[in-house]
Amino acid sequence: MDERLRLALGVILPQEEHFLDYLAVTARSPDGVDDDETEAAIQTQAASAVAQAKRAFKKLDLPFYPPPDYTAEMYRSETTMQRLASRDRATAEALKVKEQRRALKMQVRLKKQLKHDRSSTRIKSERIQREFLKKWREERTQLRKQGVGEEELPTLEQAEAKFVRMRRAIRRSKNIKYSGRKDYGKPRRLLKKNDTKGLNDDPYINPQFGNSRRFSSGSRPFSGTKKK
């Protein structure tokens, strides 16, 4: 400690007083500190004062750390804590109401979209039915002009069956076009071909032991050419 600080402390505090009576320490103030280093200098000075206080307590053999079960009094009053708790509850309630409104808004939007989809589907179905009935009537009119009797005219059930077959053919052509497979929709039993390639590369025989079964007698796969 600087000698001048010791003299000043001796003037302020009598010699017969105990350290526990005043609990005051002094630290040397930093000299020539710039504004940018002021905060660091203050921290250094505070750390030096704490070190002096620790040495004084150790010299007196007194504990200076708080016990483990020590609980400091809260700085905020009970009124302040209640006000903060009520504010937190109000914030949570406002957030909950906002989420409920958002969910309700999304639900209403979804209902509108579903209603629009159902309406569009119904309108499209009605349009297809009108076109189907119009074509059926035109076909019957043309057949009557050609001299076909009423018994031989296509009935509504026959026209519906024909329309269903046509729609399935269109759907199948689109599946073939966009799937890249010409055998789309064919049964598995029709995919096998009784030719040379299909005989040698049978996809229905397990490759793990298929060759040993087929060629166990010493025969070779059929190549399609006969030796002369």
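# Burial, rings and a pocket in a predicted model

Guide: In this predicted model, 9% of the 228 residues of the protein chain count as buried. The chain exposes about 21,000 Å², and carbon and sulfur atoms supply 54% of that area.

Visitor: What is the secondary structure of the protein chain?

Guide: The chain has seven helices and zero strands, and its pattern along the sequence reads α-α-α-α-α-α-α. Among contacts with a separation of 6 or more, 31% join residues 24 or more positions apart.

Visitor: How many aromatic pairs does the structure hold?

Guide: The structure holds three aromatic pairs.

Visitor: Why is the pair of Phe64 and Tyr65 called tilted?

Guide: The ring centres of Phe64 and Tyr65 are 4.7 Å apart, and centres within 6.5 Å make a pair. The planes of Phe64 and Tyr65 stand at 40°; stacked requires under 30 degrees and edge-to-face over 60.

Visitor: What makes Tyr65 count as buried, partly exposed or exposed?

Guide: Tyr65 has 58% relative accessibility. Exposed means over 50%, so Tyr65 counts as exposed.

Visitor: Which class does Phe64 fall into?

Guide: Phe64 has 26% relative accessibility. Buried would need under 20% and exposed over 50%, so Phe64 counts as partly exposed.

Visitor: What makes the aromatic pair of Phe132 and Phe163 tilted?

Guide: Phe132 and Phe163 are 5.3 Å apart, centre to centre, with 55° between the planes. That angle lies between the limits of 30 and 60 degrees, hence tilted. Phe132 belongs to helix α4 and Phe163 to helix α5, so the pair ties together parts 31 residues apart in sequence.

Visitor: How do you know whether Phe132 is buried or exposed?

Guide: Phe132 has 15% relative accessibility. The cut-off for buried is under 20%, so Phe132 counts as buried. Phe163, with a relative accessible area of 26%, is partly exposed.

Visitor: Which residues lie nearest the centre of the second largest pocket?

Guide: Glu131, Phe132, Lys135, Phe163 and Met166 do, out of 16 lining residues. The volume of this pocket is about 370 Å³.

Visitor: Which helix gives the most to the lining of the second largest pocket?

Guide: α4 gives the most, with eight residues. Both α4 (78-145) and α5 (156-179) supply at least two residues each.

Visitor: How do the residues of that lining divide into nonpolar, polar and charged?

Guide: The lining of the second largest pocket has eight nonpolar residues, one polar and seven charged. Phe and Met count as nonpolar, Glu and Lys as charged.

Notes: Residues are numbered from 1 along each chain as its sequence is written. This is a predicted model: local features need pLDDT of at least 70, side-chain atom pairs count only at pLDDT 80 or more; totals for chains, interfaces and linings use all residues. Side-chain values use heavy atoms; hydrogens and water are left out. Helices (H or I, at least four residues) and strands (E, at least two) are DSSP runs, numbered from the N terminus. Buried means under 20% relative accessible area, exposed over 50%, partly exposed in between (1.4 Å probe, protein chains only). Contact means heavy atoms within 4.5 Å. Accessible areas come from the Shrake-Rupley method with a 1.4 Å probe; for residues, only the protein chains shown count as cover. On a 1 Å grid over the protein atoms alone, a cavity is a set of points where a 1.4 Å probe fits but cannot get out, and a pocket is an open set with protein on both sides within 12 Å along at least five of seven lines; lining residues have an atom within 4 Å of a point. Grid points are joined across faces, edges and corners, and a volume is the space filled by probe spheres set on the points. Rings of Phe, Tyr and Trp (its six-membered ring) pair if their centres lie within 6.5 Å; planes under 30 degrees apart count as stacked, over 60 as edge-to-face and the rest as tilted.
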